[in-house]
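This briefing is for a reader who is new to the structure. Please look over the sequence and the model before reading on.

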Amino acid sequence: MSTNKITDFLKYTRPSTLDLQLVDLRAEAEDALRLIEVQATEKRVETRVETEGELRPVMADKDTLRSVFTNLVINSLQAIDGEGGNIVIRIINDEHGLARVEITDTGRGIAPEDISKVFEPYYSTKETGTGLGLPIVRKVIEDHGGTVSVSSKLGGGTTFTIALPTKAEGGKGEG
């Protein structure tokens, strides 16, 4: 097993210890997009963050949340075949006290029969994938008291939606 696969396995199986602090979701989204900026420019993929209204910060572990956003935008970039496309991160606070983060791409999409499998450990459509990236994303978001879901249209792109509580008591904290 390669070092990356072992690291991913440990992230997935190890109990989370979260260092909760107030986190600005827009700043974390912009950082994730900056990490793929060179590759996105090479593929002529436009990236942007959109917000609606005044955003409330969330109580989160900044590092693990950043890794979630980074994982999802890398997946989005890899899903865009050829040259040209879009990756948009949209952030809103809803009426239920949740911050909703939608990461949408114009990539190849996910086949309907595969949608239910994307969060299963070891499921991957990539030759070099470990099949743990999205299960880790789900675990991290759930450890923060949130949810993550996916919608997709084959040939029409994919949207991952993360919902996180904006109240201080939302995350699980140590554990």
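Which strands does α4 lie across? Helix α4 lies across β2, β4, β5 and β7, and runs at about 25° to β5. The model is predicted. The points below take the sheet, its strands, the core and the helices in turn.

**The sheet**

- Five strands form an open sheet in the order β2-β4-β5-β7-β6, with mixed pairing.
- Its edge strands are β2 and β6 (147-153), each of which pairs on one side only.
- Direction ignored, neighbouring strands of this sheet are turned by 15° against each other on average.
- Strands of a sheet pair through backbone hydrogen bonds, in either a parallel or an antiparallel way.

**Strand β4 and its partners**

- Strand β4 covers residues 85-93, and seven of its nine residues are buried, so the strand is largely enclosed by the rest of the structure.
- Strand β2 (residues 45-52) runs parallel to β4, and eight bridges join the two.
- V45 stands opposite G85 of β4.
- With strand β5 (residues 98-105), β4 runs antiparallel, and seven bridges join the pair.
- I89 has I103 in β5 as its bridge partner, and I91 stands opposite V101 in β5.
- The hairpin of β4 and β5 has four residues between the strands, and G97 in this hairpin takes a positive phi near 80°.

**T158 in strand β7**

- T158 is found in strand β7, which spans residues 157-165.
- Is T158 buried or exposed? The relative accessibility of T158 is 6%, which is under the 20% limit, so T158 counts as buried.
- The side chains of T158 and S152 are joined by a polar contact of 2.8 Å.
- Leaving aside residues up to four places away in sequence, T158 touches I103, T104, D105, G109, I110, V150, S151 and S152.
- One of these contacts, I103, is also the bridge partner of I89.

**The nonpolar core**

- The largest nonpolar core has 38 residues, of which L25, L65, F69, I89 and I162 touch the most other members.
- Helix α4 (residues 62-79) gives the most to this core, with six residues.
- L65 touches V23, L25, V58, A60, I141 and L164, not counting residues up to four places away in sequence.

- Helix α6 spans residues 133-143, and eight of its 11 residues are buried, so the helix is largely enclosed by the rest of the structure.
- The buried residues in α6 are L134, P135, I136, V137, K139, V140, I141 and D143.
- Helices α4 and α6 pack at an angle of about 145°, and their axes are 10 Å apart.
- On the α4 side, the contact is made by T64, L65, V68, N71, L72 and N75.
- On the α6 side, the contact is made by G133, L134, V137, V140 and I141.
- An α-helix has 3.6 residues a turn, so residues three or four places apart point the same way.
- The crossing of α4 and α6 is left-handed.
- G145 follows α6 and has a positive phi, near 80°.

Technical notes: Residues numbered from 1 in each chain as written. Predicted model: local features only at pLDDT ≥ 70, side-chain atom pairs only at ≥ 80, totals over all residues. Heavy atoms only, no water. Buried < 20%, exposed > 50% of the residue type's maximum accessible area, 1.4 Å probe, protein only. Pairing = 2+ DSSP bridges. Polar contact = N/O pair within 3.5 Å; in protein donor to acceptor, adjacent residues only side chain to side chain. Contact = heavy atoms within 4.5 Å. Core = buried A, V, L, I, M, F, W, Y, C linked by side-chain atoms within 4.5 Å. Axes fitted to C-alpha atoms, helices over the stretch in contact; angles between N-to-C directions. Left-handed = near helix turned anticlockwise from the far one by under 90°.
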